[in-house]
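Please look over the sequence and the structure shown here before reading on. The briefing that follows is grouped by topic.

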Amino acid sequence: MAAGAVVPAALAGWLLWQAVGDGGDGGSDGRGASAGASAPASEEPSRAPEAEPSEAEPPKKPSPGASGPLAGKTVVVDPGHNPGNRDHTAEINRQVDVGTHRKECDTTGTASDDGYAEAEFTLDVAHRLRDLLEERGATVKLTQDGDRPFGPCVDERARIGNEAKADAAVSVHADGSTAAGHRGFHVILPAAVRGGGADTRPIIADSRRLGERIAGKLVRRTGSAPSNYIGDGTGLDVRDDLGGLNLSTVPKVFVECGNMRDAEDAALLKDAGWRQKAALGMADGITLHLRG
Ligand code: ZN
């Protein structure tokens, strides 16, 4: 990797984390940066029902049941935000119930200083991740595919993963920390929350395993270091304020792939080759998790 993304302090923490293995820290909580939450939803019909396809509608793709390490597994990929959100502020500012509290339906997301929008980034990476997972035999559902004017709202994003009974759900984001020099990726894990329609306790352990594996594989595939400003070098954070996590009943994490407001990170995020590596890291982490 040309980009020398390694930050000594963070790497030291990372190596320590690797040595400790799973035990390490549970993620610092709370301080999240900007990211909007996300969760699932989309209007596309879900995967093929058991019924035979009618003659009029030949199946578009080889059916699930395909071969590969992820055959029989369902993964929901949630591209954070939506490029159209900026034109629908009233709609996305509507408050929705996320169990523990109410918050905005969705957010616009961040952008690089020269205007590369997080929502464009997330959709691109989601497509790459979908393709990789499908090649490995998984059934993949996106919560949105640029096919709706805004959103979906975070509660709907969560519901899509739940209704798909996803074996894993991953929400793709990039951060927007404005402090100079803030770099690196982090994976956000659900905190234990309970309230209203939210109860993450059953998914805590599995989500952590999923997140740890994605973090490890992201380092391996991209060569980028974990965040130097969240997670104490572990690349992991824990939050209790994201509706897309709080309302999930399936193992789910958010991946903040880098900091769009940092020029060096932004250069990576804008690079298609790097995005493919990031998608590979996520696909590898998911594959390891679901096969393990
Ligand atoms: Zn975001």
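Arg 159 and Asp 155 form a salt bridge in which the closest N and O atoms are 3.4 Å apart, a salt bridge being a side-chain nitrogen of Lys or Arg within 4 Å of a carboxyl oxygen of Asp or Glu. This is a predicted model, in which local features need pLDDT of at least 70 and side-chain atom pairs count only at pLDDT 80 or more, while totals for chains, interfaces and linings use all residues. Residues are numbered from 1 along each chain as its sequence is written, and side-chain values use heavy atoms, with hydrogens and water left out.

**Salt bridges**

- Both Arg 159 and Asp 155 lie in helix α4 (residues 154-163), 4 residues apart, which is about one turn of the helix; helices (H or I, at least four residues) and strands (E, at least two) are DSSP runs, numbered from the N terminus.
- Arg 159 is partly exposed, with a relative accessible area of 38%, whereas Asp 155 counts as buried at 18%, where buried means under 20% relative accessible area, exposed over 50% and partly exposed in between (1.4 Å probe, protein chains only).
- Another salt bridge joins the side chains of Arg 136 and Asp 284, at 2.9 Å from N to O.
- Arg 136 lies in the loop between α3 and β5 (139-142) and Asp 284 in helix α8 (residues 272-291), so this pair ties together parts that are 148 residues apart in sequence.
- Arg 136 is buried, with a relative accessible area of 15%, and Asp 284 is buried, with a value of 15%.
- A network of salt bridges links Arg 183, Asp 262, Glu 264 and Asp 265, and a search of the whole structure finds 19 salt bridges.

- Glu 118 is buried, with a relative accessible area of 0%, and His 173 is buried, with a value of 0%.

**Helix α5**

- The 19 residues of helix α5 (residues 204-222) should span 27 Å at 1.5 Å a residue, and the end C-alpha atoms are 26 Å apart, which agrees; the expected span is 1.5 Å times one less than the number of residues.
- Just after α5, Gly 223 takes a positive phi of about 75°.
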